[in-house]
Amino acid sequence: MTANRTLVIYAHPEPHRSRVNRRLADAARAMPGVLVHDLYALYPDFYIDVAREQALIAEADLVVFLHPIRWYAMPSLLKEWTDVVLEAGWAYGAGATALHGKGYLLAVTTGGTATTYTPAGLHGHDFNAFLPPYEQTARLCGMDWHAPFVLHGAHHASEEEVAAHVAAFTQRIAACTSKAT
């Protein structure tokens, strides 16, 4: 990692079926100072090298969590990663400052459209109602929460919408990174 260090934690259980997340990861890989860390490629057995992961995060100024929303939450391997890597005494709690001041950017896609994430929609709540676990993780770890970067209806987005979203994603990373310097 280099000058503006950004770590993208990419967690897609079926990247070969991804229309959007895979392209977002590829665009981030092409950016200077960005490391894309593909959890499903690295840990297919869910056995996570905690020391390695903590070392990578320690070097980063911005951590981007890139994944599809699955059952209103993060994919299972990312949940396991969170459980074992963000340890008490290292990521949070008495004397834990490893993540203080680092940026936290959630970049997600949903299968449902924006209108399905309304009180009258299929999911019965605004999308923001599903964000407290993410926000609280950032808060507990002393990280700076950035407004989420979301593409609703990813399965049905046009090629033009996907291309615009990918371009906006790289701009968003650059903007968050410039705030960290």
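Two strands count as paired if DSSP finds at least two bridges between them. Helices (H or I, at least four residues) and strands (E, at least two) are DSSP runs, numbered from the N terminus. The model is predicted: local features need pLDDT of at least 70, side-chain atom pairs count only at pLDDT 80 or more, and totals for chains, interfaces and linings use all residues. Residues are numbered from 1 along each chain as its sequence is written, and side-chain values use heavy atoms, with hydrogens and water left out.

**View 1. Strands S3 and S4 are joined side by side.**
Strand S3 (residues 62–68) and strand S4 (residues 103–109) run parallel and are joined by 7 bridges. Val64 has Leu105 in S4 as its bridge partner.

**View 2. An open sheet is formed by 5 strands.**
The order is S2-S1-S3-S4-S5, with parallel pairing. Strand S2 (34–38) and strand S5 (144–151) are at the edges with a single partner strand each, so one side of each has no neighbour in the sheet. The twist from one strand to the next averages 15°.

**View 3. Helix H3 packs on the sheet.**
Helix H3 (residues 50–59) touches strand S1 (6–10), S2 and S3, where contact means heavy atoms within 4.5 Å. The direction of H3 makes about 155° with that of S2; axes are lines fitted to C-alpha atoms, for helices over the stretch in contact, and angles run from 0 to 180 degrees between N-to-C directions.

**View 4. Helix H5 lies across S3, S4 and S5.**
Helix H5 (residues 132–140) runs at about 165° to S4.
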